[in-house]
Structures are given as C-alpha cells and as structure tokens.
Amino acid sequence: MRPEERRQEVLRYLEQLLSPQRYHHSLEVGRLARELAGRFGVQKDEAELAGLWHDAAKEVPMAEQIAWAKGAGLDPDVIRHAPQVLHGPLAARRWEELFGKGPEDDLIMAAVAQHTTGAPGMGKVALAVFVADFLEEGHGTGGSPEAGEVKAANTLERAGFLVARAKLSYLSGHGRWIAPDLLFCYNDLWMRTAGEE
Ligand SMILES: [Fe+2]
Ligand SMILES: [Fe+2]
C-alpha cells in the first residue's frame, strides 16, 4: 500500500477510535514527527504514520489494556505501577494486526510502543515521535520551559535526552514510580549525547 493510501486508512481508524480532542492531538503529533524527521534526515512517512497512530489505544478501557498486557507477558511491575503507559505497546500490536508487518512497519511499531517511556537504543523514527508527542502535549509540556530547549536541540538524540530528562524529573518530583525503560532510555541517550549541549 502506498504511504498516502495508508495514511488515509490510518486516519479513518483514528477517527473511529478517538475522541475529537485526541484525534486532533494525533494529527499534530503526526505533523510534528514528519517535520522533525525532515529536519534530521529520518524516514518521513514512517515518522508521520507512527506519530498519527501512537495514541490509537489510549481510549481502550483500562481493564482491557491491563488484561491484554498480562496476556502479552508485559512486565508485571509496569502493569501494576504505570498502567498509563500500556497503550503504547497495545497500539503497536494493533498496528501489526490491522496493517501487517513489513520492514518499515518495525520502525513504526517500535516508535508507537516506545512513545511514552522511551527505551534504550531508540531509533531515529522512535525519537522523532517521542519528541513530537512531548512537544504537542500542548498545554502541559509543549508550553513548558523544557519545550524551548527541546525545539532548539541540534540533534534528535539531544532532543530525546531532554524529553527523557523532563519526564524523569517530573515523575521523581511527584514521587511517582519510574518505568525501567525510561531510566534505561535516559542513560542510553545520556551516553549517546555526552558532550552535546
Ligand atoms: Fe500516549
Ligand atoms: Fe500522545
């Protein structure tokens, strides 16, 4: 399927799956992810599709998300302490079921799965979506002081590091449990950007 046809199909699904507000957020994340991909020389179609799809499972009832996560063998600590991140891996699985899985789909599915917590060894498409989602969260993080620094970053890795750092400090500042993938993501990007400012 050509990227434009796929994009139209993705939009049709999203319109059914999401509230108007989250649909709008998804369109913006898709647009921003494409823009970041263009700026940093990354696959633009994959970044946009992953940005569009990233929250596709966010409005699935939590009990259903948890039941799926248990069945899929996800980390029991994450299921118990941070169920709000499960919609990423669930949306990645739904992508595979609905759109199949070619070589580019791996990039899309990883970006969708990793968009909330990040992960160690993130690829550039996943970083573009991770950063785009943070910037678009709009009223919250998009308008935060970190957002300006993220937008000004000279590499996608540096932007991703700043997003991981902001998420980590928000969660620890509020005494919340930290998903291991976010800690690993932070350390990995710290090493990949050592010396960058
Ligand atoms: Fe999300
Ligand atoms: Fe989102």
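Reader: At roughly what angle do the axes of helix α10 (residues 156-173) and helix α11 (residues 180-192) cross?

Author: The model is predicted: local features need pLDDT of at least 70, side-chain atom pairs count only at pLDDT 80 or more, and totals for chains, interfaces and linings use all residues. Residues are numbered from 1 along each chain as its sequence is written, while chains are lettered from A and ligands numbered from 1 in the order in which they are written. Helices here are DSSP runs (H or I, at least four residues; strands are E, at least two), numbered from the N terminus, and axes are lines fitted to C-alpha atoms, for helices over the stretch in contact, with angles from 0 to 180 degrees between N-to-C directions. The axes of α10 and α11 come within 9 Å, and their crossing angle is roughly 140 degrees.

Reader: How many nonpolar residues does the contact of α10 with α11 have?

Author: Among the residues of α10 that make the contact (C-beta atoms, placed from the backbone, within 7 Å) are Phe161 and Leu168, and Tyr186 and Trp190 are among those of α11. Ala, Val, Leu, Ile, Met, Phe, Trp, Tyr, Cys and Pro count as nonpolar, Asp, Glu, Lys and Arg as charged, and the others, Gly among them, as polar. By these classes one residue is polar and four are charged, and the number of nonpolar residues is eight.

Reader: Is α2 roughly parallel or antiparallel to α3?

Author: The axes of α2 (residues 20-39) and α3 lie 7 Å apart, at an angle of about 155 degrees. Angles under 35 degrees count as roughly parallel, over 145 as roughly antiparallel, 65 to 115 as roughly perpendicular and the rest as oblique. The angle therefore makes α2, relative to α3, roughly antiparallel.

Reader: Which helices are included in what covers the buried residues of α7?

Author: A residue is buried if 20 or more other C-beta atoms lie within 10 Å of its own, exposed if 12 or fewer, and partly exposed in between, with C-beta atoms placed from the backbone. In α7 (residues 103-113) the buried residues include Leu107, Ile108 and Met109. Their cover includes α3 (44-53), α6 (87-99) and α8 (124-136).

Reader: What radius of gyration does the chain have?

Author: The chain comprises eleven helices and zero strands, and 42% of its residues are buried. The radius of gyration is taken over C-alpha atoms, and the globule rule is 2.2 Å times the number of residues to the power 0.38. For 197 residues a compact globule would be near 16 Å, so the chain agrees with that rule, its own value being 16 Å.

How values were computed. Contact = placed C-beta atoms within 7 Å.
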